[in-house]
Amino acid sequence: HDKITEQGGVSMDFQLQEKVALVTGGSRAIGRAIALTLASKGMDVAICGRTRETLDNTATDIQKHDVKAWAFQADVSQLEEVEQLVNNTLCAAGRIDVLVNNAGAVKVEPFPEVSEENWDWTMNLNLKGAFFIMQEAAKPMMEQRSGNIVNIASIAGTFGGPTSSPPYAAAKAGLVNLTTVAAASLAQYGVRVNAIAPGIINTPFHAPVDLEIAQKQLGLDPGDHIHTRVDLIPLGRLGEPEDVAATVAFLASDDADHISGETITVAGAMRSL
């Protein structure tokens with residue numbers, strides 16, 4: 001079923017055409033790059049997020065790739081909204097072939113000051129919500145005997161350091177382990193599950209760290225923190241959202257047909273935060 005190009009290679013675009021992806025947190029930053037990359041490969045894409053304007057703008061850009069796009073407002077930390085999101089996607093698109101579990105956020109507090117509210121909020125969004133949307137999306141995948149789940153974890157969950165948010169690092173470590181459990185559980189249904197652990201990616205996600213740690217505690221100027229971190233990256237540059245998106249596209253393709261239960265680090269050979 002693969003399409004051979006004139007150069008003799010396999011066309012990933014053909015492998016993803018006529019399939020449907022659901023990307024959580026898909027309206028901005030890494031999620032937006034993932035949605036647009038999958039659309040460029042020929043996939044119809046549903047995205048969810050909490051801000052209507054950014055959802056609609058991204059959906060418009062997805063459609064520029066001559067594919068279908070759907071934009072749903074949803075908070076994936078709320079189980080009833082998770083169920084509704086999957087139902088809405090199935091009603092609109094008829095199927096879900098790829099789930100990209102990207103929604104996540106961090107509230108930065110130093111280790112001695114982490115509150116119970118922060119812990120619960122972080123776990124609900126980054127781990128609890130991630131599990132239950134996997135569970136809901138897996139149901140139609142199990143019925144169709146095929147599917148692909150890609151969890152966006154973090155290097156904080158594999159190589160956390162002193163600037164990592166403790167609850168965020170714990171949640172992402174849980175997501176890495178959950179990936180292996182889900183992969184083993186769903187393999188019999190032809191469903192693959194993998195994770196990606198991005199390092200320092202050039203997005204506004206790092207703004208809270210920049211404010212709470214770099215500026216308030218270290219006395220750095222606004223914006224300096226993320227750029228000084230380049231020294232930690234052996235490849236010598238910040239990661240870009242498209243670096244993560246390209247890895248998602250590979251894992252979603254048939255080229256990765258025998259890869260499941262793995263976590264791929266996209267961090268330029270960096271091994272600590």
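Ser154 is in contact (heavy atoms within 4.5 Å) with Tyr168, Lys172, Ile196, Ala197 and Pro198, when residues up to four places away in sequence are not counted. The structure is a predicted model, in which local features need pLDDT of at least 70 and side-chain atom pairs count only at pLDDT 80 or more, while totals for chains, interfaces and linings use all residues. Residues are numbered from 1 along each chain as its sequence is written, and side-chain values use heavy atoms, with hydrogens and water left out. The chain has nine helices and seven strands, these being DSSP runs numbered from the N terminus (helices H or I, at least four residues; strands E, at least two).

- Ser154 lies in the loop that runs between strand S5 (147-152) and helix H6 (166-186).
- With a relative accessible area of 9%, Ser154 is buried, where buried means under 20% relative accessible area, exposed means over 50% and partly exposed means in between (1.4 Å probe, protein chains only).
- The side chain of Ser154 makes a polar contact with the backbone nitrogen of Ala156 at 2.9 Å; such a contact is a pair of N or O atoms within 3.5 Å, and within protein one must be able to donate a hydrogen and the other to accept it, with residues adjacent in sequence counting only if both atoms are side-chain atoms.

**Helix H6**

- The 21 residues of H6 should span 30 Å at 1.5 Å a residue, and the end C-alpha atoms are 30 Å apart, which agrees; the expected span is 1.5 Å times one less than the number of residues.
- The buried residues of H6 include Tyr168 and Lys172, both of which are also touched by Ser154.
- The cover over the buried residues of H6 includes helix H5 (116-144), S5, strand S6 (191-198) and strand S7 (263-266).

- Lys128 is found in helix H5 and is partly exposed, with a relative accessible area of 36%.
- Leaving aside neighbours within four places in sequence, Lys128 is in contact with Leu79 and Met123, and the C-alpha atoms of Lys128 and Leu175, 47 residues apart along the chain, are separated by 9.2 Å.
- One aromatic pair is found in a search of the whole structure.
- The rings of Phe131 and Phe132 have centres 4.9 Å apart and planes at 75 degrees, so this pair is edge-to-face; rings of Phe, Tyr and Trp (its six-membered ring) pair if their centres lie within 6.5 Å, and planes under 30 degrees apart count as stacked, over 60 as edge-to-face and the rest as tilted.
- Phe131 counts as partly exposed at 30% relative accessibility, and Phe132 is partly exposed with a relative accessible area of 26%.
- The charged end of Lys107 sits over the ring of Trp121, 4.4 Å from the ring centre, a description that requires NZ of Lys or CZ of Arg within 6 Å of the ring centre and within 35 degrees of the ring normal.

**Backbone angles**

- Most residues other than glycine have a negative phi.
- Ala29, which is not a glycine, has a positive phi of about 50 degrees; Ala29 is placed in helix H2 (residues 29-40).
- Arg145, in the loop between H5 and S5, has a positive phi near 60 degrees.

**The chain as a whole**

- Buried residues make up 49% of the 273 residues in the chain.
- Of the contacts in the chain with a separation of 6 or more, 70% are accounted for by residues 24 or more positions apart.
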